[in-house]
Amino acid sequence: MNERFEGIVLFQRKHREHDALVKIFTKDYGTKMFFVRGLQKPNHHLTSQLIPLTVNHYIGNINEEGLSFLKEANTIEIHREIQTDYMKQAYSSYVTQLVDAAINDNTPDQALYEMLKKALELINSDVSYEAITISMEIKLLRYFGFDIHFDRCRICGTTVQPFDFSMKFQGVLCQKHFHEDPFRMHIAPKAMFIASRLDLASLHQINSIQVSQVTIQELRRLMDEIYKEFVGINLKSKSYLNNLDTLSASMKDVIRKRYKSD
Ligand SMILES: [Zn+2]
């Protein structure tokens, strides 16, 4: 039977000579793998709607397990900036891979679907893609089973800052409890403050949070350590991002311009 549904394309992979497997996060059925016959041939009628990071309407056969199939599609959001800006594309790819890793296949999660849709929309617009990415990392920790509150001390529950982060306590420490962990991370108080705001704010409020480049670097250090130690996932797109981040700003500009002129 044909179903109508909305979805975000996560990735596509070549399959045999002409076909492809495309993973789509569908709003109603969760993440699903679709078999698309002949997608690698030129002028396939679904090419535009199977580009990673786009949002589309689909008609197709949904199977509870195994592969599903597509018949027709209509574009909702192509996200032109993401498709043409090297940095935006790298950050968006990382965020979608993280979401894919955070949930089980074939399990609907409309709240997370809407969150990813919003994140891509904001990265595509002028909102800081770095702030959006860090906010998604913070929000996704709960999906990986870590209930970390960045707005209160793990030990006494106070919301009075300054805070620091403790890997030992898997959470935030207030100044009174810094001594409980001599190996606390010594994250800049300003970055801890921003982390608490990014934790509580919904994505569309992030525009109003001003984050300096120094604070972004500090939050990167915090989230890298948390994901490495607690979540233990190592995404290819993440190491790629870190490589990009080590390039100087002028180098990034060169790449961006070159990529855009292609
Ligand atoms: Zn405390």
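Tutor: S92 lies in helix α2 (residues 86-102); helices (H or I, at least four residues) and strands (E, at least two) are DSSP runs, numbered from the N terminus. The model is predicted, local features need pLDDT of at least 70, side-chain atom pairs count only at pLDDT 80 or more, and totals for chains, interfaces and linings use all residues. Residues are numbered from 1 along each chain as its sequence is written, and side-chain values use heavy atoms, with hydrogens and water left out.

S92 is buried, because its relative accessibility is 0%; buried means under 20% relative accessible area, exposed over 50%, and partly exposed in between (1.4 Å probe, protein chains only). Leaving aside residues up to four places away in sequence, S92 touches L53, I82, L120 and I123, where contact means heavy atoms within 4.5 Å.

S92 also takes part in the packing of α2 with α3: K88, S92, V95, T96 and V99 of α2 meet L112, L116, L120, I123 and N124 of α3. Two packed helices are described by the angle between their axes and the distance between the axes. For α2 and helix α3 (residues 110-124), the axes come within 10 Å and cross at roughly 175°. Axes are lines fitted to C-alpha atoms, for helices over the stretch in contact, and angles run from 0 to 180 degrees between N-to-C directions. The two helices α2 and α3 are therefore roughly antiparallel; angles under 35 degrees count as roughly parallel, over 145 as roughly antiparallel, 65 to 115 as roughly perpendicular and the rest as oblique. By class, this contact of α2 with α3 has 6 nonpolar, 3 polar and 1 charged residues. Ala, Val, Leu, Ile, Met, Phe, Trp, Tyr, Cys and Pro count as nonpolar, Asp, Glu, Lys and Arg as charged, and the others, Gly among them, as polar.

Helix α5 (residues 189-200) and helix α6 (residues 213-231) pack at an angle of about 75°, with their axes 9 Å apart. That angle makes α5 roughly perpendicular to α6. On the α5 side the contact is made by K190, A191, M192, I194, A195 and L198, and on the α6 side by T215, E218, L219 and L222. The contact of α5 with α6 has 7 nonpolar, 1 polar and 2 charged residues.
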